[in-house]
Amino acid sequence: MTATDHAIALTRVAARAASDKLGDDLVAFDVSEALAITDVFLIVSASNDRQVGAIVDAVEEALLAQGTKPARREGHGENRWVLLDFIDVVVHVMHAEERALYALERLWRDCPPIALDEAETDLAGATAGTPRVDS
């Protein structure tokens, strides 16, 4: 099983919203084979707590405009690592220090990456060496 087209579309909307708020190093993984609870993990870095909050708000607004609201929101009080669970997509917005510490990419590196539009990766300054697949 692979991520649904709907989940991939939501991921791209969330990625664009995050990049518009200067989210950094965006990566998305198709975790549908490994997890039964979601299709996609989107991971975004932010340089400070305020930026984490701004990215979270932008992602929520963008997906709400698509008719999707989060089922769960964890970690918003401290704005160091906020998890937004949209059922099909889970968005991790992490302060750069937490991202380096927890290294979610290492945990999910066996899952296929999801290509994000060039606009998202260009705006976000994503790493050039991150493997991408077309959907």
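**View 1. Glu60 and its partner Arg73 in the predicted model.** Glu60 is buried, its relative accessible area being 15%, and this value, like the others in these legends, comes from a predicted model. Glu60 forms a salt bridge with Arg73, in which the closest N and O atoms are 3.1 Å apart. Because Glu60 belongs to helix H2 and Arg73 to strand E3, the pair ties together parts that are 13 residues apart in sequence.

**View 2. The five-stranded sheet.** The sheet is open and consists of five strands in the order E1-E2-E5-E4-E3, with mixed pairing. Strand E1 (24-30) and strand E3 (72-74) stand at the edges, and each has a single partner strand, so one side of each is left without a neighbour in the sheet. From one strand to the next, the twist averages 10°. Strands of a sheet pair through backbone hydrogen bonds, in either a parallel or an antiparallel sense. Here E1 and strand E2 (residues 40-46) pair in the antiparallel sense over five bridges, and Val27 has Ile43, in E2, as its bridge partner.

**View 3. Helices H1 and H2 against the strands.** Helix H1 (residues 5-20) lies across E1, E2 and strand E5 (89-95), and the helix runs at about 5° to E2. Helix H2 (residues 49-65) packs on the sheet, where it touches E2, E3, strand E4 (81-85) and E5. The direction of H2 makes about 160° with that of E5.

**View 4. The surroundings of Ser45.** Ser45 lies in strand E2 and is buried, with a relative accessible area of 9%. When residues up to four places away in sequence are not counted, Ser45 touches Gly23, Asp24, Asp25, Ile55, Met94 and Arg99. Ala100 is 55 residues from Ser45 in sequence, while the C-alpha atoms of Ser45 and Ala100 are 9.5 Å apart in space.

**View 5. The salt bridge between Asp25 and Arg99.** A search of the whole structure finds eight salt bridges, and in one of them the side chains of Asp25 and Arg99 meet at 3.6 Å, N to O. The pair links distant parts of the chain, with Asp25 in strand E1 and Arg99 in helix H3, 74 residues apart. Arg99 has a relative accessible area of 6% and is therefore buried. Both Asp25 and Arg99 are also among the residues that Ser45 touches.

**View 6. The salt-bridge network around Arg80.** Asp49, Arg80, Glu97 and Glu98 are linked in a network of salt bridges. Within this group, the side chains of Arg80 and Asp49 meet in a salt bridge at 3.1 Å, N to O. Arg80 lies in the loop between E3 and E4 and Asp49 in helix H2, so the pair ties together parts that are 31 residues apart in sequence. Arg80 counts as partly exposed at 21% relative accessibility, and Asp49 likewise counts as partly exposed at 30%. Glu98, which is placed in helix H3 (residues 96-102), counts as buried at 16% relative accessibility. Leaving aside neighbours within four places in sequence, Glu98 is in contact with Arg80 and Ala103.

Definitions and conventions
Residues numbered from 1 in each chain as written. Predicted model: local features only at pLDDT ≥ 70, side-chain atom pairs only at ≥ 80, totals over all residues. Heavy atoms only, no water. Pairing = 2+ DSSP bridges. Helix = DSSP H or I, 4+ residues; strand = E, 2+ residues; numbered from the N terminus. Axes fitted to C-alpha atoms, helices over the stretch in contact; angles between N-to-C directions. Contact = heavy atoms within 4.5 Å. Buried < 20%, exposed > 50% of the residue type's maximum accessible area, 1.4 Å probe, protein only. Salt bridge = Lys/Arg side-chain N within 4 Å of Asp/Glu carboxyl O.
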